[in-house]
Amino acid sequence: MRSVTIAEAERNLAGVLESALREPVRILHEGHDLVLVSAAAFEEAQERLHKDRVEALSKAMENCSREAAENGFTEAMLPSLLRSKYGDPTTC
């Protein structure tokens, strides 16, 4: 496992991340562990973030749909609304 100081990591972030693809990299601050960077941990964090964003978007879409239905909006109204603001929605 490679260890670098926080100053080294700041100067050469790309190199540290490249190393983390091959092996975990420990970043030290004043001689103590600050963070451990690894490709697997980064990938897991990215997957969790993506999942959280998808869930948040789905919830927002459900809320919008419910609110629209409560206010009398129907899907049949959508083309007319889009056309009035953006022109013909069936053409690019």
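Biologist: In the hairpin of S2 and S3, which residue takes a positive phi?
Modeller: This is a predicted model. Strands S2 and S3 run antiparallel and are joined by five bridges. Two residues lie between the strands of their hairpin, and the one with a positive phi, near 55 degrees, is glutamate 30.

Biologist: Which residue in S3 stands opposite leucine 28?
Modeller: Strand S2 covers residues 25-29 and strand S3 covers 32-37. Across from leucine 28, the residue in S3 is aspartate 33.

Biologist: Which residues of helix H2 are buried, and where do they lie around the axis?
Modeller: Helix H2 spans residues 13-22, and its buried residues are Gly15, Val16, Ser19 and Ala20. They lie on the same side of H2, because the arc they cover around the axis is only 140 degrees.

Biologist: Which exposed residues does the face of H2 turned away from its buried side carry?
Modeller: Exposed residues are those with over 50% relative accessible area. On the face of H2 turned away from the buried side, these are Ala14 and Leu21.

Biologist: What covers the buried residues of H2?
Modeller: The cover includes both strands and helices. Among the strands are S1 (2-5), S2 (25-29) and S3 (32-37). The helices include H1 (6-11) and H3 (39-70).

Biologist: Why does serine 19 count as buried?
Modeller: Serine 19 is found in helix H2. The cut-off for a buried residue is under 20% relative accessible area. Serine 19 therefore counts as buried, as its relative accessibility is 6%.

Biologist: With which side chain does the side chain of serine 19 make a polar contact?
Modeller: Leaving aside neighbours within four places in sequence, serine 19 is in contact with Arg2 and Val25. The polar contact, at 2.6 Å, joins the side chain of serine 19 to that of arginine 2.

Biologist: Which elements give two or more residues to the largest nonpolar core?
Modeller: The largest nonpolar core has seven residues: Val4, Ala9, Val16, Ala20, Val25, Ile27 and Val37. One of these, alanine 9, touches Val4, Val16 and Ile27, with residues up to four places away in sequence not counted. The elements that contribute two or more residues to the core are H2 and S2.

Biologist: How many Å does H3 reach from its first C-alpha to its last?
Modeller: Helix H3 has 32 residues, for which 46 Å is expected at 1.5 Å a residue. The reach of H3 in the model is close to that expectation, at 46 Å.

Biologist: Which glycine follows H3, and what is its phi?
Modeller: The residue in question is glycine 72. Its phi is positive, near 85 degrees.

How values were computed: Residues numbered from 1 in each chain as written. Predicted model: local features only at pLDDT ≥ 70, side-chain atom pairs only at ≥ 80, totals over all residues. Heavy atoms only, no water. Buried < 20%, exposed > 50% of the residue type's maximum accessible area, 1.4 Å probe, protein only. Helix = DSSP H or I, 4+ residues; strand = E, 2+ residues; numbered from the N terminus. Arc of directions from axis to C-beta. Contact = heavy atoms within 4.5 Å. Core = buried A, V, L, I, M, F, W, Y, C linked by side-chain atoms within 4.5 Å. Expected span 1.5 Å × (residues − 1). Polar contact = N/O pair within 3.5 Å; in protein donor to acceptor, adjacent residues only side chain to side chain. Pairing = 2+ DSSP bridges.
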